[in-house]
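Hello,

Here is the structure I promised to pass on to you. Have a look at it first, and then read on for what turned up in it.

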Amino acid sequence: MPAKPLDGIKVIEIGQLVAGPFCGTLLGYFGAEIIKVESPGKGDALRGWRALDESGTSYWWYSIARNKKSVTANLRTEAGRAVVKRLIETADVVIENFRPGTMEKWGLGPDDFKESNPSLVYTRISGYGQTGPLATRPGYASVSEAFSGFRYLNGFPDRPPVRPNLSMGDSLAGLHAAFGTLLSLLHRERHNAPGQVVDIAIYESMYNLMESVVPEYVATGAVREPSGSTLTGIVPTNTYLCADKKYVVIGGNGDSIYKRLMHAAGHPDLAEDPRMADNAGRVEHEATIDAALADWTASITSVEVLRILSDADVPSGPMYSVEDMLVDPQYQARGMFETVQGQEGEVTIPAIMPKLGTTPGETQWAGPGEVGGSSEEVYLAAGFSESEIQALRATGDI
């Protein structure tokens, strides 16, 4: 295999569940050595979340812990924290997602490494960031998504705001953390500079997706409201039910695309209506346009709708479940699934983007099975002697 972009980068991941570990997953996929620090005993709680294989290991674990090495250290003991400190002193990056102030309390905050490892990139993920009046509050993704303004927009006007059935805030925070880590590593390399702190808030990661919501409100006073399956101010773009009880998504909001769409749907009158020639006019007549498209899709199957729109070069697609994704030729052609060996047989996990032409990432192994299974290898490489390792195990510090 060709060299990977992050070969030689050593990352200490001190966190659990999703946000911090997903950042480590992204970095490890592209070559970084990820050393995951887990508590002695059960390890990361995610090992036991959701659907489990026969060994009691979560399928989610195989995805988020891929390519990682597991070591144990008891962060509640002085000796355990000293072990982690020695690891960090040998690393390029540390990732942590504890409540702000916790790492400082343990003597493992950024300032504790300014002399011993000045080039360290210290990546931190929390609900509200490291500063501000809410910094010390616990920051779960669900709460942070609401605080960011995202949840307010997500749903239908006549119902409570809707939560996507995913840990979106955590995953987006992990993605932003990986981006910030890479920027810091690049700055360190290009400018021969010391490391820096990457401060990621889950709510800010969601806020980063809010497009023009802020400037529109400040300039006009308009508060963007939830709009169901449409997009406020852009027409037509919606979800439509077909005769076979399946949904399709149609995006016909370009001026020329709109004309092709309405002709294909059997509404040349609406296609050529000068009042609907641009988006502003279509917004005024959204109800008329949507009703015409809904009537058309309800009269034929989803397959027929998508065939007609494809022939007319109108952006459209099916509403996929995971069952549909697994058998779709596009997903297959793009290599969107990887098969790895889990504890009880093969496990299929998603490939990770982006795709790189000459230095692609890959899953080299599934998430580590045994908690602390790499402890001896990692601690020996970090300069611990075998007798030190045995003594630390005997006292429960690792």
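A word on terms before the details: a residue is called buried when its relative accessible area is under 20%. Please also keep in mind that this is a predicted model.

Let me start with strand β4, which spans residues 93-96. Which of its residues are buried on each side? Val-93 and Ile-95 are buried on one side, and Val-94 and Glu-96 are buried on the other, so both faces of the strand are covered. In a regular strand, side chains alternate between the two faces of the sheet.

Strand β4 also has pairing partners. It runs parallel to strand β1 (residues 10-14), with four bridges between them, and Val-93 is the bridge partner of Val-11. Four bridges also join β4 to strand β5 (residues 121-126), again in parallel; here Val-93 has Val-121 as its bridge partner.

Next comes Ser-302, in helix α14 (residues 302-311). Ser-302 counts as buried because its relative accessibility is 7%. Its side chain makes a polar contact of 2.8 Å with that of Asp-244. Beyond its sequence neighbours up to four places away, Ser-302 touches Cys-242, Asp-244, Lys-246 and Val-248.

Finally, Leu-356 sits in the loop between β11 (345-350) and α17 (375-381). With 32% relative accessibility, Leu-356 counts as partly exposed. Leaving out residues up to four places away in sequence, Leu-356 touches Pro-5 and Phe-30.

Technical notes:
Residues are numbered from 1 along each chain as its sequence is written. This is a predicted model: local features need pLDDT of at least 70, side-chain atom pairs count only at pLDDT 80 or more; totals for chains, interfaces and linings use all residues. Side-chain values use heavy atoms; hydrogens and water are left out. Helices (H or I, at least four residues) and strands (E, at least two) are DSSP runs, numbered from the N terminus. Buried means under 20% relative accessible area, exposed over 50%, partly exposed in between (1.4 Å probe, protein chains only). Contact means heavy atoms within 4.5 Å. A polar contact is a pair of N or O atoms within 3.5 Å; within protein, one must be able to donate a hydrogen and the other to accept it, and residues adjacent in sequence count only if both atoms are side-chain atoms. Two strands pair if DSSP finds at least two bridges between them.
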